[in-house]
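Thanks for coming. Please have the sequence and the model open while I talk.

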Amino acid sequence: MSEPLNIVILGLSITSSWGNGHATTYRALVHGLSTRGHNVLFLERDQPWYAKNRDLPNPPYGTTYLYNDLDELKDRFTDEVAQADLVIVGSYVPDGVEVGRWVVDTARGVTAFYDIDTPVTLAKLVHGDYEYLHPDLIPRYELYLSFTGGPLLSWLKRSYRAQRVEPLYCSVDPDLHSSDFGPIEYDLGYMGTYSEDRQPAVQELLLKPARQWEKGRFAVAGPQYPESIAWPPNVHRIDHLPPAAHRRFYTSQRFTLNVTRHEMIRAGYSPSVRLFEAAACGTPVISDYWQGLNSFFKIGEEILVAERAEDVLRYLHEMSETERTRIGERARARVLAAHTSIHRAIELENHVRRARGGCPRPRIIHSYG
């Protein structure tokens with residue numbers, strides 16, 4: 001844009017990636033916005049489980065503050081919210097409904113809800129679960145930014161009277177993800193926090209192949225897996241990897257596995273941040289299938305699809321090293337051409353411009369800090 005924006009983001013977490021995919025998304029977005037010259041203030045509720053696992057306590061881009069509760073948030077940051085050009089409230093923010101109502105009542109700039117969990121959010125609304133978003137609040141936000149694209153966005157606008165619904169997918173920070181390969185340690189790896197609805201696919205597409213190919217080398221990284229899971233001896237378990245270690249994990253694999261949450265599969269058009277991270281590292285991805293996948297990566301050329309363990313084992317045993325490398329290279333080129341943090345920052349700028357009607361408003365330039 002021709003002028004910097006003052007942006008306030010109230011998100012689940014940017015300081016801790018433990019057990020959530022929000023932090024890496026916010027880090028990439030804030031980094032991209034800051035690189036574009038915008039002033040970004042990120043406000044995070046200080047939660048004990050994140051306080052014990054902060055892998056980026058002081059992000060080097062934008063300005064981050066922690067607050068203890070809603071009263072402190074209002075006492076300390078009302079002026080910043082009122083004067084910002086854009087205020088974003090994210091999904092799963094504690095007291096999200098109350099925070100959202102305060103934001104739309106206070107902000108004089110554009111207000112937005114950033115749904116990093118759109119299919120889950122809408123399922124909760126249908127069942128009367130208003131944990132962080134209430135139906136009456138949706139039309140009060142000027143922008144509804146969604147991790148999920150496709151037909152679901154039209155339904156959301158029609159059913160909940162959203163003013164403007166736009167996709168804002170996750171992205172990768174190219175400074176953190178590159179294809180400088182080290183030694184290969186695993187034939188297939190997977191990174192993801194335990195989820196009950198994802199576990200059957202992890203079982204079928206990684207644990208079953210590991211049991212059938214005892215000489216193969218496999219890895220699963222992520223927290224919150226039950227102790228009751230029987231891991232094959234050739235599966236290396238890693239409880240948690242901070243984002244700084246993601247590149248090394250992906251580049252140490254011949255192939256990596258992408259498994260999608262059930263609600264995201266039903267909705268389609270829901271790429272995960274792990275999918276883009278792995279592709280940016282040039283590691284060939286084996287993924288479950290969902291509608292819209294081919295709009296992000298060409299199936300068979302930039303990504304591989306598997307339904308059963310036999311599909312996975314065929315890729316592991318039969319694909320030539322030349323073709324394996326080419327698939328990874330093509331996927332990396334696609335991500336760098338369309339899915340970096342700078343791409344998302346520019347998309348957000350355009351969404352704000354359209355929400356404003358192309359007309360900037362007089363304002364004070366802030367340098368948060």
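I will go through confidence, then the cores, then the cavity.

This is a predicted model, in which local features need pLDDT of at least 70 and side-chain atom pairs count only at pLDDT 80 or more, while totals for chains, interfaces and linings use all residues. Residues are numbered from 1 along each chain as its sequence is written, and side-chain values use heavy atoms, with hydrogens and water left out.

The pLDDT is the predictor's confidence in each residue, from 0 to 100. For the protein chain its mean is 94, and 96% of the residues reach 70 or more. Residues 360–365 have pLDDT below 50. Where pLDDT is low, the predicted coordinates should not be read in detail.

Next, the cores. A nonpolar core is a set of buried Ala, Val, Leu, Ile, Met, Phe, Trp, Tyr and Cys residues joined through side-chain atoms within 4.5 Å; buried means under 20% relative accessible area, with a 1.4 Å probe and protein chains only. The largest such core has 52 residues. Which residues have the most contacts inside it? They are Ile9, Leu86, Tyr114, Phe249, Phe297 and Leu348, where contact means heavy atoms within 4.5 Å. A second, separate core has 34 residues, among them Leu73 and Val103.

Back to Tyr114: leaving aside neighbours within four places in sequence, its contacts include Tyr26, Ile88, Phe147 and Tyr169.

Among the lining residues are Thr121, Lys124 and Tyr132.

Notes. Buried < 20%, exposed > 50% of the residue type's maximum accessible area, 1.4 Å probe, protein only. 1 Å grid on protein atoms, 1.4 Å probe; cavity = no way out; pocket = protein on both sides within 12 Å on 5 of 7 lines; lining within 4 Å.
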